[in-house]
Amino acid sequence: MPAVSRILLYILEYGATGLFTFSIFRLLYGRNPVKIILITTLMGIIQFYLSEIADMKATTIIFLPLFLIITCSVVFAMPISYSFLIAIIFTAVGFLSEFMIASILQVAGLTTYIRIRGSLMLMSTIQLGVTVFLLSLTYFFYKRKFGFMFVESSMYGRKVLKPINILFGILLVLVVCAIEVSRLSIYTATHSIVHPIIFFTISALLVTILLVAWRKNKKSIDKKYTNTIGVGKK
C-alpha cells in the first residue's frame, strides 16, 4: 500500500480519536478543533515514520502519548496532570475502538485477529472503521453536549506555570530517551543510526518547545499582572 495512503489513514484515525477524546471534555469550541487536528496530524506522521519506516514500534507506543502530553500542555496551556489524563484516554479510546471493530469482524466470520495483524489492507479497513465510528460519536457528543469540563481556574494562569509542570514534562521526555538509549546498540546492529538520531532530535524539539512556551507564557502573564493595578497580586 502506498506510503501516502498509510499516512492519510493514520492522520484520519488519530484525528477522529483526538476529536472524540476532547469532546468528552467539551473542548471542541472556538479554534480548538483546528489545534486538535494539527496535533493529531503530527502524531499520525510520527506514528507512520517510527513504526513503518524506522521500525521502532516499541518506542512509538511510549513516545506518542508523551508527544500528546507535551503538545496539549503547550497548545492548550494545561497542567501536565490534565494533559496526562487526556493522553491516557486518547490511547484507551484508540485501542478499544480498534479492538471492538476487529472483534465484530471476527464474530461475523469475515476475518481473524491473526489475519488482521498480518494484513495492511485489513488494518487499513479497521482504521477507516475507527475513523467513521469515532467521528459519529464526536458529533453525537457535541450536539448533545455530553461530557464534562475542566475547572477553568485550575487550567490557566500561574498554576500552569509552576516549575513542577515543566520539570515533569522534561523528565518524561528524558525517561523515554533513556529507554531508547538502552536499546540503541541492539537496534543499530540491524538498522540505520539515522532513525535514532531523528527520534532524539524530535525529543529535543519537544523539550525546547516546552521551555520556550513556558517562558513566553510566563512573561505574558507577568506583564498582565504588572499592568493590573493591584489585581491578582498578593
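This is a predicted model: local features need pLDDT of at least 70, side-chain atom pairs count only at pLDDT 80 or more; totals for chains, interfaces and linings use all residues.

Residues are numbered from 1 along each chain as its sequence is written, and side-chain values use heavy atoms, with hydrogens and water left out.

**Exercise 1. The overall plan**

Find how many helices and strands the protein has.

Solution. Start with the definition: helices (H or I, at least four residues) and strands (E, at least two) are DSSP runs, numbered from the N terminus. Counting them gives 8 helices and 0 strands. Read from the N terminus, the order is α-α-α-α-α-α-α-α. Next, consider burial, where buried means under 20% relative accessible area, exposed over 50%, and partly exposed in between (1.4 Å probe, protein chains only). Of the 234 residues in the protein, 40% are buried.

**Exercise 2. The core**

Solution. A nonpolar core is a set of buried Ala, Val, Leu, Ile, Met, Phe, Trp, Tyr and Cys residues joined through side-chain atoms within 4.5 Å. The largest one has 53 residues, and Phe-22, Met-43, Phe-63 and Leu-68 have the most contacts inside it. Among the elements giving two or more residues to this core are helix 1 (3–24), helix 4 (80–107) and helix 8 (194–226).

**Exercise 3. Helix 2 beside helix 3**

Decide how helix 2 and helix 3 are oriented to each other.

Solution. Axes are lines fitted to C-alpha atoms, for helices over the stretch in contact, and angles run from 0 to 180 degrees between N-to-C directions. Helix 2 and helix 3 pack at about 160°, with axes 10 Å apart. Angles under 35 degrees count as roughly parallel, over 145 as roughly antiparallel, 65 to 115 as roughly perpendicular and the rest as oblique. Helix 2 and helix 3 are therefore roughly antiparallel. Contact means heavy atoms within 4.5 Å; the residues that make it include Met-43 of helix 2 and Phe-63 and Leu-68 of helix 3.

**Exercise 4. Around the loop**

Is Asp-55 buried, exposed or partly exposed?

Solution. First locate Asp-55: it lies in the loop between helix 2 and helix 3. Its phi is positive, at about 55°, although Asp-55 is not a glycine. With 38% relative accessibility, Asp-55 counts as partly exposed. For contrast, look at Asn-32 in helix 2: at 15% relative accessibility, Asn-32 counts as buried. Leaving aside neighbours within four places in sequence, Asn-32 is in contact with Leu-27 and Phe-76.

**Exercise 5. Helix 4 and helix 6, then the cysteines**

Describe how helix 4 packs with helix 6, then check how many disulfides there are.

Solution. Helix 4 and helix 6 pack at an angle of about 115°, and their axes are 9 Å apart. Residues of helix 4 including Val-93 and Leu-105 meet residues of helix 6 including Met-123 and Val-130. Phe-99 is also found in helix 4, and is partly exposed because its relative accessible area is 44%. Turning to the cysteines, a disulfide is a pair of cysteine sulfur atoms within 2.5 Å, and the structure holds 0 of them. Cys-72 is buried at 0% relative accessibility, and Cys-177 is buried at 13%.
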